[in-house]
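Good morning. Please have a look at it first.

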Amino acid sequence: RTSTGNTTIEGTNSLFDLPSGILVHAATFLATPSRALFAAALMDDAQVVNQLSSAIAGDQTTVDFGDIEKELALNLSDGDINSALLCIDAVNKLKKLRITNCVNITGIGLEPLRGSAVIQQIDLSLTCDGEGPSTLDLESSISFGIVLPILDSIIERGVVQHITLPRIWRDERLEHNFGRRSPPIPHSVQPNAIEP
């Protein structure tokens with residue numbers, strides 16, 4: 001039993017027992033990625049975005065996983081990223097994504113971005129602002145074969161302005177095939193906008 005001023009909340013055993021307005025309000029105090037992950041945690045078992053999850057996630061246009069604790073980001077899975085992107089309706093709303101410190105993802109969690117006509121910047125480098133390539137890049141599990149079709153579907157839409165690729169892809173010289181794939185990079189994406 002918890003008392004809040006003149007109001008008493010009895011039988012509150014989980015977050016689902018709280019009024020949705022309290023959860024939505026509490027989420028406004030979280031960093032954007034934390035807010036999206038909180039919303040994802042409240043999705044139903046079938047991973048369907050419900051009204052509460054959508055309200056908690058809010059209208060996010062920028063998600064940088066560098067805004068959360070590094071230890072949390074280091075342990076995020078593709079499922080976590082996927083659910084968070086679904087909750088914020090990333091394919092229709094997200095303009096900038098940075099997967100800072102997300103070394104455990106293969107990239108399949110980025111699937112909700114497939115075909116996005118609004119995303120302008122994607123940073124897959126795993127590093128924070130002002131940081132050079134790090135050992136995180138070398139520990140990355142991100143798969144060229146998984147991510148490339150997702151990036152191709154975004155580039156086809158002609159809106160993306162900047163993509164930063166993981167250092168390991170450059171080291172393996174995989175990025176040289178990136179611009180030669182079919183379809184080619186649209187004119188709206190300058191070759192210098194794709195950074196290794």
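How many disulfides does the structure hold? There are zero disulfides, a disulfide being a pair of cysteine sulfur atoms within 2.5 Å. Before going on, a note on the source: this is a predicted model, where local features need pLDDT of at least 70, side-chain atom pairs count only at pLDDT 80 or more, and totals for chains, interfaces and linings use all residues. Residues are numbered from 1 along each chain as its sequence is written, and side-chain values use heavy atoms, with hydrogens and water left out.

Two cysteines to look at are Cys87 and Cys102. Cys87 counts as buried because its relative accessibility is 3%. Cys102 is buried too, with a relative accessible area of 1%. Buried means under 20% relative accessible area, exposed over 50%, and partly exposed in between, with a 1.4 Å probe and protein chains only.

Now the chain as a whole. The protein chain has 10 helices and seven strands; these are DSSP runs numbered from the N terminus, helices being H or I with at least four residues and strands E with at least two. Of its 196 residues, 42% are buried. Take the contacts between residues at least 6 apart in sequence: 74% of them join residues at least 24 apart. Contact here means heavy atoms within 4.5 Å.

Cys87 brings us to helix H5, residues 78-87. Its buried residues are Asp78, Ile81, Ser83, Ala84, Leu85 and Cys87. The cover over them includes helices H2 (32-41), H3 (51-57) and H6 (90-93), and strand E4 (96-98). Just after H5, Asp89 has a positive phi of about 55°.

Next is helix H8, residues 144-155. From first C-alpha to last, the 12 residues of H8 reach 15 Å, close to the 16 Å expected at 1.5 Å a residue; that expected span is 1.5 Å times one less than the number of residues. Is H8 mostly covered or mostly open? Mostly covered: nine of its 12 residues are buried, among them Phe144, Leu148 and Asp152.

Last, the cavity. A cavity is a set of points on a 1 Å grid over the protein atoms alone where a 1.4 Å probe fits but cannot get out, and lining residues have an atom within 4 Å of a point. Which residues line the largest cavity? They are Leu110, Leu113, Ile122, Leu124, Val147, Ile150, Leu151 and Ile154. H8 gives the most to this lining, with four residues.

Conventions: On a 1 Å grid over the protein atoms alone, a cavity is a set of points where a 1.4 Å probe fits but cannot get out, and a pocket is an open set with protein on both sides within 12 Å along at least five of seven lines; lining residues have an atom within 4 Å of a point.
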